[in-house]
Amino acid sequence: MSVEFIYPEFEVIRNTDRCIACRVCERQCANEVHSFRKEDGIMEADETKCVNCQRCVSLCPKRALKIIKSDCTFRENANWQNDTIKEIYKQANSGGVLLSSMGSPKPLPVYWEKILINASQVTNPPIDPLREPMETRVFLGKKPKKIQRDENGKLKYELPPQIELSMPIMFSAMSYGSISYNAHASLARAANKLGIFYNTGEGGLHEDFYCYGDNTIVQVASGRFGVYEEYLRAGAAIEIKMGQGAKPGIGGHLPGAKIVGDVSRTRMIPQGSDAISPAPHHDIYSIEDLCQLVSSLKEATEYKKPVIVKIAAVHNIAAIASGIARSGADIIAIDGFRGGTGAAPTRIRDNVGIPVELALAAVDSRLREEGIRNYVSLVVGGSIRSASDVVKAIALGADACYIATAALLALGCHLCRTCQSGKCNWGIATQRPELVERLAPDTGSKRLINLMNAWRHEIKELMGGMGINSIESLCGNRLMLRGIGMTDKELEILGISHAGA
Amino acid sequence: MKMEGQVRIPSGCAIAAIISHDGNRMSGEIITNAMKPMHDRSNGLGGGFAGYGIYPEHKDFYALHMFFDDRATRKTCEVFLKERFEIVKSERIPTRKIPAITDEPVIWRYFAAPLKSVLANLQLAEKEFVARTVMKINAEMKGAYVFSSGKNMGTFKAVGFPEDVGMFYKLEEYEGYSWTAHGRYPTNTPGWWGGAHPFTLLDWSIVHNGEISSYDANRRFIEMFGYKCTLQTDTEVITYIMDYLIRVQGLTLSEAASVIAAPFWNTIEGKTDLEDKHKHTYLRTMFPSLLITGPFSIVLGFNGGLMALNDRLKLRSMVVGEKDDRIFIASEEAAIRTMEPNAENIWAPAGGEPVIIKVKDGAF
């Protein structure tokens, strides 16, 4: 205690008039906050362990619990704020790099909130999605420069490999290991039912999920965990992960404690060994090396599967994307700096990279200036939070969006941001069997399907309002967007006018 | 106030067209008259016509119709043109002074052919060179505007009601085997002569009624291929799309129609003709950014024919009729009845269903 003591962030408030000491909270809390005092039959709480995941609150049958932010604070200081001081204490205590989970909670600019969507009035009609067809189907993949005809003048219908999405959203990469078997099962089943895709992340593909291969994107990251021929062939597309929005420029580290049983087998590494993904791919030190990896993966899968290159949104993103578009890749995925993570160094997560809105606009504009926008499809993520974010992203120039945090929220995540502890009470970011079983894939997939259906309805309504009845006519249609409260420079980069202009 | 091109102006409209299947030439008077019963579909801020087969004596030369702000601009532009073209004829386009049409710019036409040496130097096909030159003048030469650039065809347009524009340009003195016409109802600005329809590039001309909701998606895609949408009008971008799909990509008219007014995926999936199903799946996947949504009815004119097309939901009126060797297309049946009181087989093409009429071989 003494100098090392940091006052708990949360307080557990128990209404003793309501509490019946059923001990559900005690059983549900993997952090061991709650305990039962036998002598007098009263529930106690050790709030130093509480992460505010809301599990006990949600499951208390008597609604006797609430978690509130502690009002014990340091003396107010605009420069040295509470969090900043606490981080210094933590580092003085441990000497370590601060770790965080999920997307940055800092008040970073969210440009989606400064962009407004158009609607038709008078000069052309809005379209009612309940009465008229409204199309959300998207094909991702390279579009050839020129049509081809055979000797009889008939069009040749062959195209480079494409993946077909019933709506322009996919579940973004989250590895088996960082999230649970049941979380993966939920994502895979939902993607299958919805006609979209989920992404294995860098942890390989569990043998039970090969049956969902047609709705799976298999990832090849710098650690190459679980990558072998059958794995590459199992998916509908292959994603090379060059970077992640939450931690551009660094790799990953899944602690040995999580490399157990199936995770170890799926990653093809020994039980208990740390799974360390290097910062770079050690066979890619330059753009021409990426080109070779793209070619190798295409060779291995007989040119039948599109290759996605996923990059973190960084300062020189437009030029990098232009290089990737010419590297033979079919799809570029851009991950913005508000994107989520299972664990990332706090300083990197909160300070490295750029917002996905600006990255997307810059890349889309650059590829068009160079006349190569149709060489690749663009997918963006980090962070897409709603149907209107999706519509704005597509109008800025994306072909589809990746969502991950939104999908985890649908599965029960309460954004307590302590995934790195491995004690997720919602059965998502954990490998403990007794926690994993709390997430039932039947319920999980149903909730993901609900979420996507709800968003699909909203996307259709927004499109209909603009008089657009097919998502491809929204792609890059920046005239449908206006900015509010932005500088001229921001508007220029986004390629949109200010509201009223 | 901002000029056309600096701001996007939605418009409502009237369109009409006539073509002789046998290639018989008709005076421009008939199409001028066709616009009279549709007077209320325009608001006096733009009208225009395109005639095909009107310059048989210069049919091997590109007929460049141009607006100039003043004489000095014309002189500068002529210097530019002479470095690139052999000009066989240069003249003021004949007009008639009428009270309904005022503030006209300098209206000129040149019959010209690109210099062979220039083409060889640039390694460009003739049409590509002419298209790029037109694009360059319209985007970069202030006060000069090419509004027609095809062979043996010409566009005539102005700010005014279409029937007055026809009178102004003395259309009764021209004879063509096909004509298209347009009356414009822009929602704001006094209108600009260049902004009236038809919009043309090479021998493509488009008259269009509607406001497309896919505009910026289409524009930003087509501008990758050297086109510059300087006017910010739907008609301009549709013209470039058709030029790109047909001339540059080599699609047929009906294939191009299937790109811009593609059938719904449900319709494609329901097709029992597998060949047709594959074709439509291919075209939609190949050219997603060229799908046009929102209301439109267009008539595309080209050497030897016309194509009429509605958006896939048919959000704009358009009817077709015929009589003997002539086919009529208009926003309203009244316009067809004016051209031919006894027109037969009047029907409304379905959304996305192209009506393609070609003059029979050798007749033009």
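In this predicted model, A:Asn215 sits in the loop of chain A that runs between strand E10 (198–199) and strand E11 (216–220). Although it belongs to a loop, A:Asn215 counts as buried because 25 C-beta neighbours lie inside 10 Å, where 20 or more are required. Once its neighbours within four places in sequence are left aside, the residues in contact with A:Asn215 are A:Ala188, A:Ala191, A:Asn192, A:Ile196, A:Phe197, A:Tyr198 and A:Ala236. A separation of 21 Å lies between the C-alpha atoms of A:Asn215 and A:Ile384, which are 169 residues apart along the chain.

In chain B, helix H7 (residues 234–248) comprises 15 residues and spans 20 Å from its first C-alpha to its last, close to the 21 Å expected at 1.5 Å a residue. The helix is mostly covered, with 12 of its 15 residues buried, and those buried residues run from B:Asp234, B:Thr235, B:Glu236, B:Val237, B:Ile238 and B:Thr239 through B:Tyr240, B:Ile241, B:Met242, B:Asp243, B:Tyr244 and B:Leu245. Their cover includes, from chain B, strand E11 (199–201), strand E12 (204–210) and strand E13 (296–302), together with helix H6 (215–222) and helix H8 (253–260). After H7(B) comes B:Gly250, which has a positive phi near 85°.

The two chains also meet, and the contact draws 33 residues from chain A and 33 residues from chain B. On the side of chain A that touches chain B, these residues divide into 13 nonpolar, 11 polar and nine charged.

Notes:
Residues are numbered from 1 along each chain as its sequence is written. Chains are lettered from A and ligands numbered from 1 in the order in which they are written. This is a predicted model: local features need pLDDT of at least 70, side-chain atom pairs count only at pLDDT 80 or more; totals for chains, interfaces and linings use all residues. Helices (H or I, at least four residues) and strands (E, at least two) are DSSP runs, numbered from the N terminus. Two residues are in contact if their C-beta atoms, placed from the backbone, lie within 7 Å. The expected span of a helix is 1.5 Å times one less than its number of residues. Ala, Val, Leu, Ile, Met, Phe, Trp, Tyr, Cys and Pro count as nonpolar, Asp, Glu, Lys and Arg as charged, and the others, Gly among them, as polar.
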